[in-house]
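Q: I have a structure open and would like to go through it piece by piece. Can you take my questions as they come?

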Amino acid sequence: MQWTINGQVREAEVDFRTSLLDLLREQFQLSGTKKGCNQGACGACTVLVDGERINACLALAVQYQGREITTVEGLAERGTLHPVQAAFIEHDGFQCGYCTPGQLCSAVGMAGEFERGLPSAVTQDLAAADLEWSRDELRERMSGNLCRCGAYNGIADAIAASLGKEVVR
Amino acid sequence: MRAFDYHQVADSEQAIEQAVRRRQAKYLGGGTNLVDLMRETVERPQTLIDVTRLSRDIDETAEGGLIIGAAATNAALAGDARIRSRYPLLSRAILSGASAQIRNMATVGGNLLQRTRCAYFYDVATRCNKREPGAGCDALEGFHRYHAILGTSSSCIATHPSDMAVALAALDARIHLRGPEGERQLAVTELHREPGERSDLEAELQPEELIVAVELPPLPMAVRSEYRKVRDRASYAFALVSVASMVELDGETIQNVRLALGGVGTRPWRAWRAEAALRGQPATEATFAAAVDAELAAARPLPGNAFKVELARRLMIAALSQRLSDARNGGDA
């Protein structure tokens, strides 16, 4: 089986039961992606597949063969932190840090969804072509990532700052 | 998780061919429910047939509706501009369910066939008729705050968890099926069974039959449709009660109405009785209250979920009142 992980083609023969999360952590020693609940409830395992965020714990590795997978290890470019990573440091977007890799990947995926015009449950006008950022939009769209330390205010500030746009309301 | 064999298929024909040949086969969509259940050993398929490469297209139908390939993701469906403008309650229902990550994975076919989140169904150390027919039900005298009040039986009170399916029920969506015997269609309101004595049998599907598409008929009044959901936290939680609603007025008379409920039924609950009591009647609060009471007269609450009767009552009346003011203000919009 073959996957492209953080730009590198990687191969392994694994049991069909292996989740994408266990493949990353156990097979390729990419332990940045965290195992929290292992049942799709906490978002700690969030990675990007072809740019879209998913829960790696619910994904069978075999199902994602040939896909481009980006983990937290792949966000920085040539030693320069991704803007979301830098913003998490600037705005204290973490305490213990366990949920952080998932929060970071999720925030990157979320920004892409917003750019593509995907609405959320709190978007007032579903038919509108242009979306407007708000704190409510940000929080709703990040609700799949739990932080048991409760660092949500810092996380929301960091993500808002990383978007490079003013997030009001 | 028990060991299994895995096959990826390119189309529905291959999928069915594989399913017929393999023992204990299950179709695999996004895996957001099935993989979880396999990990808990609630589901123990010997073969998984990956159907995520089947059609995920969303196309116009000759009648003016839309047809959605069963492998379309929940996110793709919710984000489709045609669905957002013509069937907004469907976008709203999907967006109010799960998380963005899960909506990116989950398929339309899989969403319809997802299984209940009843904690006793999940916990193999407890008794559950759905897992093991005849074993008994520990939810009846257990923690059943999230359980059903409509369509229940003495053997099962598990709630159907889908938000999307509630919107599809209100829209009279049609399910396109393919099996070894060929193709057929089914109204989405006929897809899910009430538990009766066999709560393990959930869908009216034949062995190896596969959902290949979901068709939305044209429905002008759906432009002003809504999905309201009440839950224990503001996001990423299953419904305590949800209501899909749309109303068409002729002057002050209710000409047409659709109502469906989530979080309260053993299956996505189309409120047929309430609709019958509303159609042709004056659009007043009194009519709404009588219709809602007609629907909820069949409710069989238990101590832990009795609050849902009043919650469903208030939510349905609020939804109908909102639809009424929208219809009055919206004109022909």
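**Working through the two chains**

A: Setting aside residues up to four places away in sequence, A:Phe88 touches A:Gly93, A:Phe94, A:Thr100, A:Leu104 and A:Ala158. Please keep in mind throughout that this is a predicted model.

Q: Where does A:Phe88 sit, and is A:Phe88 buried or exposed?

A: A:Phe88 has its place in helix α2 of chain A, residues 83-90, and A:Phe88 counts as buried because it has 26 C-beta neighbours inside 10 Å, where 20 or more is the cut-off.

Q: Staying in chain A, which residues of α1 are buried?

A: In helix α1 of chain A, residues 20-27, the buried residues are A:Leu20, A:Leu21, A:Leu23 and A:Leu24. Just after α1(A), A:Gln29 takes a positive phi of about 55°, and A:Gln29 belongs to the loop between α1 and β3 (46-49) of chain A.

Q: Over in chain B, what about phi at B:Ala98?

A: B:Ala98 has a positive phi of about 55° although it is not a glycine, and B:Ala98 is found in the loop between α5 (88-95) and α6 (100-105) of chain B. Whereas A:Gln29 is exposed, B:Ala98 is buried, with 29 other C-beta atoms within 10 Å.

Q: Switching to the contact between the chains, how many residues does the contact take from chain A and from chain B?

A: The contact takes 28 residues from chain A and 27 residues from chain B. On the side of chain A that touches chain B, β4 (52-55), α3 (100-115) and α4 (135-141) each supply at least two residues, and the largest share, four residues, comes from β4(A).

Q: And how do the residues on that side of chain A divide into nonpolar, polar and charged?

A: They divide into 12 nonpolar, 10 polar and six charged.

Q: Back to chain B: which residues of α1 are buried there?

A: In helix α1 of chain B, residues 12-21, the buried residues are B:Ser12, B:Ala15, B:Ile16, B:Gln18 and B:Ala19. They cover an arc of only 160° around the axis, which puts them on the same side of α1(B). The face turned away from that buried side carries the exposed residues B:Glu13, B:Val20 and B:Arg21.

Q: What covers the buried residues of α1(B)?

A: The cover includes β1 (5-8), β2 (25-28), β3 (47-50), β6 and β8 (210-216) of chain B.

Q: You mentioned β6; how do β6(B) and β7(B) pair?

A: Strand β6 (residues 174-179) and β7(B) pair in the antiparallel sense over six bridges, forming a hairpin with two residues between them. Within this pairing, B:Arg178 stands opposite B:Glu183 in β7(B). Of the six residues of β7(B), residues 182-187, the number buried is zero, so the strand lies largely in the open.

Q: Next, B:Tyr227: which residues is B:Tyr227 in contact with?

A: Leaving aside neighbours within four places in sequence, B:Tyr227 is in contact with B:Leu89, B:Arg92, B:Ala93, B:Ser96, B:Ala167, B:Ser242 and B:Ala244. B:Tyr227 lies in strand β9 of chain B, residues 226-230, and is buried, with 28 other C-beta atoms within 10 Å.

Q: Last one: which residues of α11(B) are buried, and what do they pack against?

A: In α11(B), the buried residues are B:Phe288, B:Ala291, B:Val292, B:Glu295 and B:Leu296. Seen down the axis of α11(B), they fall within an arc of 130°, so they line one face of the helix, and they pack against α10 (272-278) and α12 (307-330) of chain B.

Notes. Residues numbered from 1 in each chain as written. Chains lettered and ligands numbered in written order. Predicted model: local features only at pLDDT ≥ 70, side-chain atom pairs only at ≥ 80, totals over all residues. Buried ≥ 20, exposed ≤ 12 C-beta atoms within 10 Å, placed from the backbone. Arc of directions from axis to C-beta. Contact = placed C-beta atoms within 7 Å. Nonpolar A, V, L, I, M, F, W, Y, C, P; charged D, E, K, R; others polar. Pairing = 2+ DSSP bridges.
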